[in-house]
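Reader: I have a structure open and would like to learn how to read its features, one at a time. Could we start with charged side chains?

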Amino acid sequence: MLRAIAFGGVQPIAHRILQRLTLTIFLILTISLIFPATTWADSSRVGLEQGHLKACPPSPNCVVSQDADAKHAIEPIVYHVDRDTAKETLLKVLSVVPRTEVIEQTDNYIYAISKSRIFKFTDDVEFYFPPNESVIHIRSASRIGESDLGVNRRRLEQIRLAMQDLNI
C-alpha cells in the first residue's frame, strides 16, 4: 500500500513541482537575456548634484550616506590619511570586490557597477570625496526590482571593513 501511495500520489506531485520550478527558472533566465538589467544607470540616477550623491528612490534597494532617511541611511567611510592615498586604497579594494568594475573616476568621485552572481543584475556603486572632509560618501543602488535583500548595504559595509583593515 505504501508503494502505491509513493508511486501513485506523491511522485506525480513532486514531478509537477519540479517541472514548474524548471519552467520558472527557464523563463527568468530567458527574460533576463532578452531584457538585460540596464534600466537606469544613466546620468539621471547616478553622479553628483551640488556636492551630494543623488537621493535613493523610495524602494528599499538603495543606501546612501548623504541626506538619507532612516531606511536608506548608511555612515560614510572615514579616513585618516591624505585624500589621494584613501582614493588609491579604495580603488585597490574595488579591484578585488567580486563582479565589480570601476566605470568612471575623477579627482573626487568613483563610479562602479557590481553584478549579481547568477542573474547578473547590475547595481550602481558610488563614492564621493568631498573637499576639506576626511570622509568618503557612499551610495549603492539596484537598477531594477524592489528589494535587494540587503545586498547593497552589505557590500558597502564590507568595503568599509576592508578600508579599515588597510589602516586608512
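Author: Gladly. Side chains of opposite charge can pair when their charged atoms come close. A salt bridge here is a side-chain nitrogen of Lys or Arg within 4 Å of a carboxyl oxygen of Asp or Glu. The model is a predicted one, in which local features need pLDDT of at least 70 and side-chain atom pairs count only at pLDDT 80 or more, while totals for chains, interfaces and linings use all residues. Residues are numbered from 1 along each chain as its sequence is written, and side-chain values use heavy atoms, with hydrogens and water left out.

Reader: Is Lys54 buried or exposed, and what about Glu49?

Author: The terms come first: buried is under 20% relative accessible area, exposed is over 50%, and partly exposed is in between, with a 1.4 Å probe and protein chains only. Lys54 counts as buried because its relative accessibility is 11%. Glu49, at a relative accessible area of 48%, is partly exposed.

Reader: How many salt bridges does the rule give?

Author: The count comes to five. Among them is Asp124 with Arg143, where the closest N and O atoms are 3.1 Å apart. This pair links distant parts of the chain, since Asp124 is in strand β7 and Arg143 is in the loop between β8 and α3, 19 residues apart. Both Asp124 and Arg143 are buried. Another is Arg139 with Glu126, with closest N and O atoms 3.2 Å apart. That pair also links distant parts of the chain: Arg139 is in strand β8, Glu126 in strand β7, and they are 13 residues apart. Arg139 is buried at a relative accessible area of 1%, and Glu126 is buried at 0%.

Reader: Then how do I check the length of helix α3?

Author: The expected span of a helix is 1.5 Å times one less than its number of residues. For the 15 residues of α3 (residues 151-165) that gives 21 Å, and the end C-alpha atoms are 21 Å apart, which agrees.

Reader: Which residues of α3 are buried?

Author: They are Asn152, Arg155, Leu156, Ile159, Arg160 and Met163. These residues cover an arc of only 140 degrees around the axis, so they sit on the same side of α3. The arc is that of the directions from the helix axis to the C-beta atoms. On the face turned away from the buried side, α3 carries the exposed residues Gln158 and Asp165.

Reader: What covers the buried residues of α3?

Author: Contact means heavy atoms within 4.5 Å. The cover includes β3 (62-64), β4 (77-78), α2 (83-96), β6 (109-115), β7 (122-128) and β8 (135-142).

Reader: Which residues of the largest nonpolar core touch the most other members?

Author: A nonpolar core is a set of buried Ala, Val, Leu, Ile, Met, Phe, Trp, Tyr and Cys residues joined through side-chain atoms within 4.5 Å. In the largest, which has 20 residues, those touching the most other members are Leu90, Phe127, Phe129, Ile136, Leu156, Ile159 and Met163. At least two residues of this core come from each of α2, β6, β7, β8 and α3. The largest share, four residues, is supplied by α2. A second, separate core of 10 residues includes Val46, Leu53, Tyr109 and Ala141.

Reader: Last topic: how many disulfides does a search of the whole structure find?

Author: A disulfide is a pair of cysteine sulfur atoms within 2.5 Å, and the search finds one. It joins Cys56 to Cys62, with an S to S distance of 2.1 Å. The torsion about the S-S bond of Cys56 and Cys62 is about -70 degrees, so the disulfide is left-handed. Cys56 and Cys62 are both buried.
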